[in-house]
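Reader: I'd like a close look at one helix pairing here, with a bit of background on the chain first. Could you walk me through it in one go?

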Amino acid sequence: MLSIEAELLGLLNFEDRLEGLFDHCFAQQREAIAHDSKRKVIRCSRRAGKTELAAVKLVHSSLQSPNGISLYIALTRKSAKRLLWSRLKEMCYQWRLDYEASETDLILKFENGSEIWLAGANQED
């Protein structure tokens with residue numbers, strides 16, 4: 001059974017849902033996302049929301065860039081999966097975003113042709 005919040009999201013159009021991704025972010029996360037720099041360095045303590053920020057930014061960028069590829073690289077493939085995979089799928093479900101997930105390749109594919117790839121820096125391929 002879907003929550004009332006999820007039911008209401010079904011009534012929102014795509015752009016409203018896209019903007020809604022930022023609603024649960026705190027001010028510093030929104031500031032980092034909104035900054036127009038192509039590359040960002042975020043200096044903060046542990047448990048400051050860096051992974052959540054990465055998930056929101058990956059989904060948002062993918063939905064705004066049809067046929068694009070967004071890449072998340074962690075130290076290892078296993079750590080990329082542990083840190084982000086479940087959260088990305090949960091976020092897509094929460095915001096009623098249609099996607100296909102390749103559990104083997106750690107790739108999310110969206111209706112607009114864009115993809116999110118998770119990888120490890122230690123991978124050779």
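Reader: To start with, what percentage of the residues in the chain is buried? Then take me to H3 and H4: at roughly how many degrees do their axes cross, and which residues make the contact?

Author: Keep in mind that this is a predicted model. Of the 125 residues in the chain, 36% are buried. As for the makeup, you've got 5 helices and 4 strands, and reading from the N terminus the order is α-α-α-α-β-α-β-β-β. If you take the contacts in the chain with a separation of 6 or more, 61% of them are between residues 24 or more positions apart.

Now for the pair you asked about. H3 covers residues 27-34 and H4 covers residues 50-64. Their axes come within 10 Å and cross at roughly 40 degrees. An angle under 35 degrees would count as roughly parallel, and 65 to 115 as roughly perpendicular, so H3 ends up oblique to H4. As for handedness, the crossing of H3 past H4 is right-handed.

Down at the residue level, H3 brings Gln29, Ala32 and Ile33 to the contact, while H4 answers with Glu52, Leu53, Val56 and Lys57. Sort the contact of H3 with H4 by class and you get 4 nonpolar residues, 1 polar and 2 charged.

Methods
Residues are numbered from 1 along each chain as its sequence is written. This is a predicted model: local features need pLDDT of at least 70, side-chain atom pairs count only at pLDDT 80 or more; totals for chains, interfaces and linings use all residues. Side-chain values use heavy atoms; hydrogens and water are left out. Axes are lines fitted to C-alpha atoms, for helices over the stretch in contact, and angles run from 0 to 180 degrees between N-to-C directions. Helices (H or I, at least four residues) and strands (E, at least two) are DSSP runs, numbered from the N terminus. Angles under 35 degrees count as roughly parallel, over 145 as roughly antiparallel, 65 to 115 as roughly perpendicular and the rest as oblique. A crossing is left-handed if the near helix is turned anticlockwise from the far one by less than a right angle, and right-handed if clockwise. Contact means heavy atoms within 4.5 Å. Ala, Val, Leu, Ile, Met, Phe, Trp, Tyr, Cys and Pro count as nonpolar, Asp, Glu, Lys and Arg as charged, and the others, Gly among them, as polar. Buried means under 20% relative accessible area, exposed over 50%, partly exposed in between (1.4 Å probe, protein chains only).
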